[in-house]
Amino acid sequence: MKDEIILAIESSCDETAISILKNGEELLANSVNTQIEDHKRFGGVYPELASRLHLENITAVLSFVLSLKGFDYRTITHVAVTGGPGLPGALQIGAMAAKTISQYLGVPLVDVHHLAGHIYANEFVESFEYPLLAVVVSGGNTELVYLPKPFEFHILGETEDDAIGEAFDKVARALGLPYPGGVWIDRTCQKEGIESFPLPKAKVDGYNVSYSGLKSHLIRMIEKEKKERGGTLPQHRVESYALSTEMAFVDQLLDKVELLKNDKPVKMIVVGGGVSANSYLRKRIRERFPNGPKIVIPPLWCTTDNAAMIAKAAHHMIRMDLLSPLSFNTRPNRDIEEEGKKTAIQ
């Protein structure tokens with residue numbers, strides 16, 4: 001049988017990424033051009049700049065990937081791209097590139113949901129067992145997604161306000177830590193002997209979580225202490241705040257994961273999204289469920305936005321005949337629950 005060769009493009013936020021995946025398993029190429037340094041001065045992603053940088057970078061990234069020694073671009077059988085959610089302009093750049101390549105090569109196009117990519121990135125570690133629970137955590141998302149079978153997504157819990165990554169970033173800014181804040185909070189907590197302190201627990205019904213009130217409480221505490229100390233915090237206090245924040249945010253989420261696991265049949269728990277790189281989360285989720293279900297965490301290279309995860313999700317979509325016309329539209333606010341309702345395009 002002819003090999004399945006997927007060229008995948010991801011451009012939903014501040015990474016221009018392209019990968020090539022063979023037969024759903026062999027990653028022939030995976031290139032990510034990050035814009036973090038360009039957005040640092042804004043303290044977060046500046047959407048207009050992100051779109052412009054995608055436009056400038058995508059041809060260079062594509063040329064680099066296609067220069068793989070011995071690779072023949074004519075062997076590409078499918079083109080996959082993130083169609084949402086994400087920044088409107090950024091999504092458009094990737095979609096235009098994908099449509100152009102698809103039409104030029106005369107191969108099918110696959111429009112992939114960004115969060116489906118983060119979930120299925122875990123299959124670079126281990127094949128899924130259903131039903132499974134996906135813990136999706138990033139700067140823009142905090143969701144508990146239940147999959148009774150492949151590509152059937154049900155959001156059973158989510159944040160009622162700030163996403164966990166967004167809340168990390170805001171606390172980090174108050175502490176004077178660099179962008180991206182969540183990464184620096186985690187780095188600040190790495191040494192031994194840091195003293196943590198208890199924080200209030202958010203009271204949220206069901207499987208939902210809430211970070212806005214706790215985040216605001218922390219920022220008020222930080223600003224008050226900074227004022228009392230003449231404007232700055234000593235390093236040991238920054239470390240203490242960072243560790244206490246990490247523990248409170250992650251443990252609240254895992255309390256809901258445990259509640260849902262006790263209420264629903266779950267064979268596997270997978271973690272996806274940028275915050276899945278958080279070392280406390282990676283350690284604590286295994287400690288919370290020592291007797292099952294099976295815990296799968298993506299490798300660090302596959303936690304931030306990348307095209308390999310888009311290719312991995314597309315591989316399953318191709319097998320389910322979930323292909324897309326050249327006329328498909330990107331959708332910045334796309335709902336993952338819609339993915340299970342797609343009609344195959346023959």
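Predicted model: local features only at pLDDT ≥ 70, side-chain atom pairs only at ≥ 80, totals over all residues.
1. Lys-312 sits over the face of Phe-124, with 4.6 Å to the ring centre.

2. The next topic is aromatic pairs. A pair of aromatic rings is described by the distance of the centres and the angle of the planes. The structure has nine such pairs. One of them joins Phe-42 and Tyr-46, which are stacked, with 4.8 Å from centre to centre and 25° between the planes. The pair counts as stacked because planes under 30 degrees apart are given that name. Phe-42 is partly exposed, at a relative accessible area of 41%, and Tyr-46 is partly exposed as well, at 39%.

3. Tyr-120 and Phe-151 make another stacked pair, with 4.9 Å between the centres and 20° between the planes. Tyr-120 belongs to helix H4 (residues 114–120), while Phe-151 is in the loop between strand E7 (142–147) and strand E8 (154–158); the pair therefore ties together parts that are 31 residues apart in sequence.

4. Helix H6 covers residues 181–188, and its buried residues are Gly-181, Gly-182, Ile-185, Asp-186 and Thr-188. Where do they fall around the helix axis? Viewed down the axis of H6, the buried residues are within an arc of 160°, so they line one face of the helix. Among the elements that cover them are helix H5 (164–175), helix H8 (235–263) and helix H9 (279–288).

5. A sheet of five strands deserves a look. The sheet is open, its strand order is E8-E7-E6-E9-E10, and the pairing is mixed. Its edge strands are E8 and E10 (294–296), each of which pairs on one side only. From one strand to the next the twist averages 20°. Strands of a sheet pair through backbone hydrogen bonds, either parallel or antiparallel. Strand E6 (residues 132–137) and strand E9 (residues 268–272) run parallel and are joined by five bridges. Within E9, Val-270 is the residue that stands opposite Ala-134.

6. Lys-226 is placed in helix H7 (residues 212–228). Which residues does Lys-226 contact, leaving aside its neighbours within four places in sequence? They are Ala-174, Gly-231, Thr-232 and Leu-233. The C-alpha atom of Lys-226 is separated by 9.1 Å from that of Leu-175, a residue 51 places away along the chain.

7. His-78 is part of strand E4, which spans residues 78–84. This histidine is buried, with a relative accessible area of 12%; the label applies because buried means under 20%. Not counting residues up to four places away in sequence, His-78 touches Glu-4, Ile-5, Ile-6 and Leu-7, and also Val-107, Pro-108, Ile-318 and Leu-323.

How values were computed. Residues numbered from 1 in each chain as written. Heavy atoms only, no water. Phe/Tyr/Trp six-rings, centres within 6.5 Å; stacked < 30°, edge-to-face > 60°. Buried < 20%, exposed > 50% of the residue type's maximum accessible area, 1.4 Å probe, protein only. Helix = DSSP H or I, 4+ residues; strand = E, 2+ residues; numbered from the N terminus. Lys NZ or Arg CZ within 6 Å of the ring centre and 35° of its normal. Arc of directions from axis to C-beta. Contact = heavy atoms within 4.5 Å. Pairing = 2+ DSSP bridges. Axes fitted to C-alpha atoms, helices over the stretch in contact; angles between N-to-C directions.
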